[in-house]
Structure formats: C-alpha cells, structure tokens
Amino acid sequence: MTQLYSTLANLYHEMYQHIFDYDKEYAFYDGILKQNHCHKIAEIGCGTGMLASRFIKNGYDYLGLDLFDEMLAIARSEVKSDCFVQGDMRHLSFQQQFDAVLITGRSIAYVTDNRGILDTLAGIHDSLKDKGLFVFGVFDADRIFDTFNDFEQNIEHHNKKIKRISHLEKNLETGWTYDWHAKYIVEQDGKFSEFDDMTTLRAFTKDEIRLFLKLTDFRIKEILDGDRAFTLISEKLN
C-alpha cells in the first residue's frame, strides 16, 4: 500500500489542497444528497477531512472513515471534531445506519480483488437505511488503458515547492489493475528531499461495476461520466 497516506500524510494534505477543488467537489455531492433527501451520511476514504469540514459546516450528520490513522490525525486537527473512525472499507461494522454512504476520491480503486469489492459493497449495503443512497466514483478502464502517459505536477504550498513525477505501468493480475510509481521532490528553505512510492490501483468497465452492484443488491439510478472516470449513484434494494 502506498506511503502517501501514512508516512507522507502531511505531504498529501499540503498537495491535495491545490490538486483538487474541494468546494466544487462538495457542491457535487451536496446536490445529489439534497435531491435524495439525505442528511445522515458516512464518507469512506475521508482522508484529511477536506470534504468533512464542508459537510459539517453545512449541517450534515457526518461520520468519516479512513484506513490510515495518520490521515485521521490531520482530519481531527483540521476539522476540530472527532467524527472520524479508523477502518477498512472491506470490513465495515458501523453501529448505525445512514441515509447515504459516499466513497470519495475514487478510493475503491485501492481494492483490487473481486472478493474485496464484493465485501466492500455488502458492508455498505448493511450500513444503509432502507432505500439508502450509495455514491462512488471509479476509474474508467476503457479510458485509463487507452493510453499510459507519464505526467508531472508542481505545487507550491507556503514556503514549500513539491514536484510529483508519475509513471503508470499495466499490471492486470487481479483485474484492470495498474501500478502507479511516483517520485516526490520537495524543496523547502533551500533544502531538497526525495521520496519514492508505488501502489496498485484498479479501474472498472461499466459492465463490471453494474454486475458487482447487482450481486450486492443495489439498483443503479444514474451514471455520470467524467474525465477518465465515472460516478455511480445507486440505491439499496430491500
């Protein structure tokens, strides 16, 4: 598993404030949740709480879950709330049920085997109220595997400059999987640090994800296409 969310968690927090537009992302989820009258929500893959702060500020009854304690420590400090729990999405055991469960940041990509996907979806099904909403995004295999180009990102955060150089390689051992190799070069106060990282991610075809949802008793309400990814809005079947 990648170091980005553990030993490099602070670096992640500094970078992703500039990589993602969290106001836009919050507005996207907020529109879906309001349209479906959802108030009590769980966010899986909540990271350092960038969306959590917005959900809480706008009155949602919110719980965030992440696999990494290092990410949650930052979230608790940033949000000034303890509405976060550590856990693995493949082994959910909430003591409550929700109007909606979100997997944000396409975090389901880190579950690379079929058994893990089925266990994740079954746990979410159990965590939802009757006709509860499940919203999540996945990488689109049809577009991800069409081209594998290296790319570079440069971020400035206060007095720190961060460069990330990414290289993707096909893997295909457990599905439409690929390895993401990343080099981080950090400059601060004239000093340089370098970190290498690698993780395996999974993409999906639309037919695949439809079948996974059907096998775990979800009905797809809508599929929203994006850039190299798509978002599924689904409903728990009783």
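## Basis of the model

The model is predicted: local features need pLDDT of at least 70 and side-chain atom pairs pLDDT 80 or more, whereas totals for chains, interfaces and linings use all residues. Residues are numbered from 1 along each chain as its sequence is written, and side-chain values use heavy atoms, without hydrogens and water.

## Overall fold

Seven helices and 11 strands are found in the chain; these are DSSP runs, H or I of at least four residues for helices and E of at least two for strands, numbered from the N terminus. The radius of gyration is 18 Å, close to the 18 Å of the globule rule for 238 residues, so the chain is as compact as a globular protein of that length. The radius is taken over C-alpha atoms, and the rule is 2.2 Å times the number of residues to the power 0.38.

Of the 238 residues, 52% are buried, that is, under 20% relative accessible area with a 1.4 Å probe, protein chains only. Among contacts (heavy atoms within 4.5 Å) between residues at least 6 apart in sequence, 61% join residues at least 24 apart.

## Threonine 177

Threonine 177 lies in strand S8, which spans residues 176–188. Its relative accessibility is 0%, so threonine 177 counts as buried.

Beyond its neighbours within four places in sequence, threonine 177 is in contact with Thr112, Phe145, Lys170, Asn171, Leu172, Thr200, Leu201 and Arg202. Isoleucine 44 is 133 residues from threonine 177 in sequence, with 21 Å between their C-alpha atoms.

Notes:
Buried < 20%, exposed > 50% of the residue type's maximum accessible area, 1.4 Å probe, protein only.
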